[in-house]
Amino acid sequence: MPVDRAPASAAPGDHEGLTGVIFDSGGHRLVGTLYLARGAAPKPTVLLLHGCPGLEKNLDLAVALRDCGRNALVFHYRGCWGSGGPYDLRTIPGDVTAAVDHLQSGEYPTVDPGRLAVVGHSLGGWAAILAAAADERLGAVAVYGAAVDLGGIRLTPEQVDREMTRFLTVTPWEFECQRADVAGRPGPLDVVAKIAPRPLLIAHGSDDAWVPVEHARRLRSGAAGACRYVEMDGA
């Protein structure tokens with residue numbers, strides 16, 4: 001079987017691939033994977049935020065971004081998929097900020113610390129809006145299937161137990177207490193306008209069974225500046 005090799009034009013020191021990432025957030029060790037695009041020059045880098053519990057990790061997007069010359073970091077919040085600490089909805093935006101700090105640490109020469117973006121799916125979209133509204137280092141934002149009103153999503157006890165918390169370091173009762181607490185705090189609908197004038201992309205499936213498309217429509221209505229909205233047929 002032939003072995004794929006780098007193009008002959010690739011300069012010495014050029015590289016692509018992936019590397020494990022470990023960084024601190026609130027005294028807890030978070031883990032992830034950094035997908036590195038080819039070439040030694042610093043490049044734009046995208047934070048990819050997964051939902052809850054994170055069965056879908058957006059790795060196809062990470063590979064696609066790497067193939068088009070962007071780095072991508074997929075990491076795991078506290079208390080899930082090998083990251084330390086207790087899982088807590090209220091600390092996830094802080095974990096995103098810690099990831100930005102890590103990307104700007106200078107540890108990765110091919111990460112341009114001045115060109116960072118965030119893409120979030122489902123709960124990750126919720127976290128992306130909150131983190132970007134508070135942190136101008138994130139120069140662009142994209143969300144798809146974003147759950148912008150966590151208290152407004154109907155979940156049965158069985159769904160919380162079987163679909164969510166069995167993968168997390170949190171009990172169903174603790175998870176629901178966290179949801180109730182978050183619902184009483186400022187959320188994406190309250191802060192999305194602060195992202196302007198940075199670009200914002202909102203995408204959602206019209207038949208999304210977990211997060212109704214109304215979440216995206218409400219988010220669009222509160223956005224300002226360079227906001228693009230895409231509603232797709234199906235889930």
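Two strands count as paired if DSSP finds at least two bridges between them, and strands themselves are DSSP runs of E with at least two residues, just as helices are runs of H or I with at least four, both numbered from the N terminus. The model on screen is predicted, so local features need pLDDT of at least 70 and side-chain atom pairs count only at pLDDT 80 or more, while totals for chains, interfaces and linings use all residues. Residues are numbered from 1 along each chain as its sequence is written, and side-chain values use heavy atoms, with hydrogens and water left out.

Begin by selecting strand β5 (residues 111-121) and strand β6 (residues 138-144), which pair in the parallel sense over 6 bridges; here Val-119 stands opposite Ala-142 in β6. Follow the chain from β5 through α3 to β6, a β-α-β crossover that is right-handed (with the strands pointing away from the viewer, the path from the first strand over the helix to the second runs clockwise).

Next, select Cys-52, His-121, Ser-122, Trp-210 and Val-211, which lie nearest the centre of the largest pocket among its 30 lining residues. The elements giving two or more residues to this lining are α4 (157-164), α5 (172-183) and β7 (200-205). A pocket is, on a 1 Å grid over the protein atoms alone, an open set of points where a 1.4 Å probe fits, with protein on both sides within 12 Å along at least five of seven lines, and lining residues have an atom within 4 Å of a point.
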